[in-house]
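Dear colleague,

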Amino acid sequence: MTLPSDLPPLRDVIARHGLSAEKSLGQNFLLDGQLLDRIARVPGSLEGQRVYEVGPGPGGLTRALLRAGARVTAVERDRRCLPALAELASAAQGQLDVIAGDAMAIDEAATLGRGAHIVANLPYNVGTALLVRWLNAGDWPPWWASLTLMFQKEVAERIVAQPGGSAFGRLAVLAQWRSRARIAFPVNRAAFVPPPKVTSAVVHIEPGEAPPDVRGRTLERLTEAAFGQRRKMLRQSLKGLPGALDALTELGLDPARRAETLSVADFVAIARLLDRATAA
Ligand code: SAM
């Protein structure tokens, strides 16, 4: 849709509504229209697409999503932002719905239906919890069509990490066992108001095919155990998980290895054997 060209600059919106950034709400605002348009292009064309945005704040990314032709549903916890978002909703002529509340408490599939793209400059304090929840969606393919999310660069690197390094862990396995994850581009800390301490990066995740006969919950328990004590050998870290050591033997995986040396496919194979053992 075409947003009216006479929308006030975001800096004015922030000043007029007294939206000084609250650290406790993870508020670091993006005001650069070109950068925001670049983020909105990451999922591909959004023309006519449903987009779910968590934490619109003063609405910079929301504007870019609307400019890209999306129909946006945005959930914002900070009530101070609501009048500014109501102004934007009125300019957007029915293309923007704002929900006042906590994103952790939303029943997303019921609110949005299937096929929504999630695009968000996430509040750092709930970012990883939301990502894990989206990756662990019960049905697969999930209710969401893609995730385009801003994270601290260190978290982004953990999401796309490959085996063998210290960044490889639970987040990488959860993000890669049935999804494709990549870093779209880094974002300099100076792009934010106020600047956070570290560089950020936009991550893009698309659902892939789920390997058969593996339950997400089993993989979660397995990665929790394996990476909960990541310096230990698997024979030690997986000791408390019934059937796990037998699974290693059956798969020919050396129990003296550490979790970070296994591949995502190895974790999937172990989880499949654990599920088979429970079903038997
Ligand atoms: N999207 C805006 C931008 O890019 O400039 C703001 C991003 S700021 C990093 C994160 C936003 O998430 C803030 O507006 C904050 O109030 C909001 N927020 C924090 N916790 C939230 C929660 N649990 N549910 C919904 N919004 C939340």
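The shell around the ligand is made up of eight nonpolar, seven polar and five charged residues, where Ala, Val, Leu, Ile, Met, Phe, Trp, Tyr, Cys and Pro count as nonpolar, Asp, Glu, Lys and Arg as charged, and the others, Gly among them, as polar. This is a predicted model, in which local features need pLDDT of at least 70 and side-chain atom pairs count only at pLDDT 80 or more, while totals for chains, interfaces and linings use all residues. Residues are numbered from 1 along each chain as its sequence is written, and side-chain values use heavy atoms, with hydrogens and water left out.

In total, 20 residues surround the ligand, and the closest are Leu30, Gly55, Glu76, Asp102 and Asn121; a residue is taken as near if one of its heavy atoms lies within 4 Å of the molecule. An oxygen atom of the ligand lies 2.8 Å from a polar backbone atom of leucine 30, a nitrogen atom of the ligand lies 2.8 Å from a polar backbone atom of glycine 55, and a ligand nitrogen is 2.9 Å from a polar backbone atom of alanine 103. Taken alone, the ligand exposes 590 Å², of which the protein buries 99% (accessible areas by the Shrake-Rupley method with a 1.4 Å probe).

A pocket here is an open set of points on a 1 Å grid over the protein atoms alone, where a 1.4 Å probe fits, with protein on both sides within 12 Å along at least five of seven lines, and lining residues have an atom within 4 Å of a point. This pocket is lined by 45 residues, of which Gly26, Gln27, Asn28, Pro123 and Tyr124 lie nearest its centre. Helix H6 (124-135) is among the elements that give two or more residues to the lining, and H6 gives the most, with five residues; helices are DSSP runs of H or I with at least four residues, strands are runs of E with at least two, and both are numbered from the N terminus. The lining divides into 23 nonpolar, 15 polar and seven charged residues.

Some backbone details also deserve a look. The peptide bond from tryptophan 140 to proline 141 is cis, with omega near 0°, and proline 141 is placed in the loop between H6 and S6. Another cis peptide bond joins valine 193 and proline 194, with omega about -10°. Glutamine 93, in the loop between helix H4 (82-91) and strand S4 (96-100), has a positive phi near 50° although the residue is not glycine.

Best wishes

Note on methods. Polar contact = N/O pair within 3.5 Å; in protein donor to acceptor, adjacent residues only side chain to side chain.
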